[in-house]
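Trainee: I'm new to this one. Please walk me through it.

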Amino acid sequence: MDTHHNDFKEIIKLDQENFVHPWEGLAELGKTRRTFAEHAEGIYVWDEEGNRLIDGPGGMWAIQIGHGRKEMADAIAKQVLEIPYYSPWGLSNSATSRLAGKIADIAPGDLNHVFFTTGGSTAVDTALRFVHFRNNILGKPQKKIIISRQKAYHGSTYLSATMSGKERDKGWLDQESRLVRFLPDVNPFRRPEGMSAEDFLDEKVNDLDAMITETGAENVAAVIAEPILASGGVIVPPEGYHARCLEVCRKHDVLYISDEVVTGFGRLGHWFASADVFGIQPDIITSAKGLTSGYLPMGACIISERIMADISGEHSRGASFSNGYTYSGHPVCAAAALKNIEIIEQENLLEHVRELSPHFQNRVKKLGRLPIVCDTRGMGLMGCVECSVDADDQLESDKEIGARIDEHCQKLGLIVRPLINMCVFSPPLVITKAQVDEMFDILEEGIRLTEAELRG
Ligand code: PLP
């Protein structure tokens with residue numbers, strides 16, 4: 001036990017001194033003591049001290065089929081022994097080709113061309129480079145501006161980060177602001193007092209129309225939007241929003257990219273949410289995370305026949321799409337994605353999510369009774385609880401609330417992902433009704449304890 005303890009002290013030191021984590025805060029560099037995820041099964045993760053924690057965020061909106069699946073390990077091992085890797089430039093392989101066909105089958109309408117990437121950021125990057133590339137071939141080299149939205153998150157490459165509209169992430173890193181315009185917040189709960197939901201919807205659609213007109217449709221290449229703004233705080237736009245925005249895009253000859261990195265692969269009870277939940281047929285869908293349930297890194301940029309047709313064959317002007325990664329269509333990741341899709345089908349996880357969602361959402365909503373909870377929202381197996389107390393320094397106070405809830409919940413057996421003053425939830429899709437109750441009971445207790453502490 002002691003040896004293990006000492007070994008672990010060494011590991012903590014290596015983590016602190018050598019492992020730079022995403023969004024690393026430099027004030028605490030080398031000092032942050034993180035919890036370690038050392039083992040996981042189903043919806044549970046065990047930390048380095050053997051405490052069992054519910055995986056509230058699903059890794060990070062990703063672990064659809066749950067942790068520790070033996071079938072997945074076997075499928076991965078089998079592919080490694082058959083062919084672990086070969087350059088996708090010249091040669092192909094069966095696993096990736098089968099996966100491309102499967103994605104074309106389950107993606108809506110004519111979204112049949114799949115470009116594989118290493119994750120969500122590179123899927124978005126690829127989508128953006130593709131729409132620029134397409135306009136170059138079409139002889140419209142000035143049509144390059146992308147319209148995104150406040151609170152959007154699209155990734156961490158230079159280009160995908162440029163499209164991300166989370167103000168608090170923008171302080172210290174550069175973006176290429178000439179390429180982007182941001183639409184204002186679409187959160188119906190933030191609408192001006194007295195404004196009806198219908199008027200708010202009209203306003204949001206008009207915002208887009210006006211922005212395209214002002215910028216000049218001849219300069220606007222595409223709109224990029226998450227069906228539900230995920231890490232912006234699970235913001236569900238007003239009903240009918242996406243369909244009406246797509247109409248505006250069609251009117252102005254602007255493409256529509258639906259970023260389904262979070263909403264794809266069952267999170268809302270369907271393979272993709274664009275058509276089945278929001279009734280739209282986008283030109284491009286970007287996907288990652290749930291595609292492999294996070295077992296291996298992979299993303300996909302899925303492009304429609306329609307927008308490919310007018311730049312290929314006799315229309316191609318001899319162009320090649322010079323975009324690609326060593327690991328585009330990695331066979332082992334493809335085998336993991338195929339197995340993941342097979343498990344989702346065999347276990348009827350899409351139906352399961354649709355059946356369980358009303359109960360899940362009901363539990364999210366009920367938290368609104370607690371005094372420090374100022375808003376609750378969500379859809380499918382995505383939920384957000386926003387907390388706040390009035391303070392002179394609102395940001396610091398909000399951050400503290402999130403951190404305290406997180407700390408209490410961890411002690412009680414639940415991992416939450418605090419985003420400033422919000423806790424977001426996207427547990428593995430295999431979660432049962434009883435486990436949903438277990439999760440929200442702990443959260444409720446964690447919020448109550450935080451509230452009691454703040455009251456002093
Ligand atoms: N797009 C959306 C909507 C996301 O939520 C994320 C990540 O959270 C990304 C893109 C970036 O994906 P990745 O972190 O896999 O690069």
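Trainee: Let's start with Val234. Buried or exposed?

Mentor: Val234 counts as buried, at 0% relative accessibility. Buried means under 20% relative accessible area, exposed means over 50%, and partly exposed is in between, with a 1.4 Å probe and protein chains only. Keep in mind that this is a predicted model, where local features need pLDDT of at least 70, side-chain atom pairs count only at pLDDT 80 or more, and totals for chains, interfaces and linings use all residues. Residues are numbered from 1 along each chain as its sequence is written, and side-chain values use heavy atoms, with hydrogens and water left out.

Trainee: OK. And where is the place of Val234?

Mentor: Val234 sits in the loop between S7 and H8. Those labels are DSSP runs numbered from the N terminus: helices are H or I with at least four residues, strands are E with at least two. Val234 also has a phi near 50°, a positive value in a residue other than glycine. Most residues other than glycine have a negative phi.

Trainee: How far is Val234 from Leu449?

Mentor: Their C-alpha atoms are separated by 24 Å, and the two are 215 residues apart along the chain.

Trainee: What about Arg317, buried or exposed?

Mentor: Arg317 counts as exposed, because its relative accessibility is 64%. Arg317 belongs to the loop between helix H10 (305-309) and H11. Phi of Arg317 is positive too, near 55°.

Trainee: Next, Ser293. Where does that lie?

Mentor: In the loop between strand S9 (284-287) and strand S10 (299-304). Ser293 is buried, at a relative accessible area of 0%.

Trainee: Switching topic: which residues are around the ligand?

Mentor: Gly119, Gly120, Ser121, Tyr153, His154, Gly155, Glu226, Asp259, Val261, Val262 and Lys289. To be near, a residue needs a heavy atom within 4 Å. That shell divides into three nonpolar, five polar and three charged residues. Here Ala, Val, Leu, Ile, Met, Phe, Trp, Tyr, Cys and Pro count as nonpolar, Asp, Glu, Lys and Arg as charged, and the others, Gly among them, as polar.

Trainee: Which side chains have a polar atom facing an oxygen atom of the ligand?

Mentor: A polar side-chain atom of Ser121 is 2.5 Å from a ligand oxygen atom, and one of Lys289 is 3.1 Å from a ligand oxygen atom. For Asp259, a polar side-chain atom lies 2.7 Å from a nitrogen atom of the ligand. Taken alone, the ligand exposes 390 Å², and the protein buries 84% of that. Those areas come from the Shrake-Rupley method with a 1.4 Å probe.

Trainee: How many cavities does a search find?

Mentor: Two of 30 Å³ or more, over the whole structure. On a 1 Å grid over the protein atoms alone, a cavity is a set of points where a 1.4 Å probe fits but cannot get out, a pocket is an open set with protein on both sides within 12 Å along at least five of seven lines, and lining residues have an atom within 4 Å of a point.

Trainee: What lines the largest cavity?

Mentor: Its lining includes Asp15, Phe19, His21, Glu28 and Arg34. The largest cavity holds about 50 Å³ of space, and its lining has two nonpolar, four polar and four charged residues.

Trainee: And the second largest cavity?

Mentor: That one has a volume of about 40 Å³. Among the residues lining it are Leu183, Val223, Tyr241 and Cys245. Strand S7 (220-225) and helix H8 (241-252) each give two or more residues to that lining. By class, there are eight nonpolar, one polar and one charged.

Trainee: Last one: which residues lie nearest the centre of the second largest pocket?

Mentor: Lys78, Gln79, Arg98, Ala335 and Leu338, out of 16 lining residues. Helix H3 (70-82), helix H4 (94-106) and helix H11 (331-346) each give two or more, and H11 gives the most, with six. The lining splits into six nonpolar, three polar and seven charged residues.

Notes:
Polar contact = N/O pair within 3.5 Å; in protein donor to acceptor, adjacent residues only side chain to side chain. Points joined across faces, edges and corners; volume = space filled by probe spheres on them.
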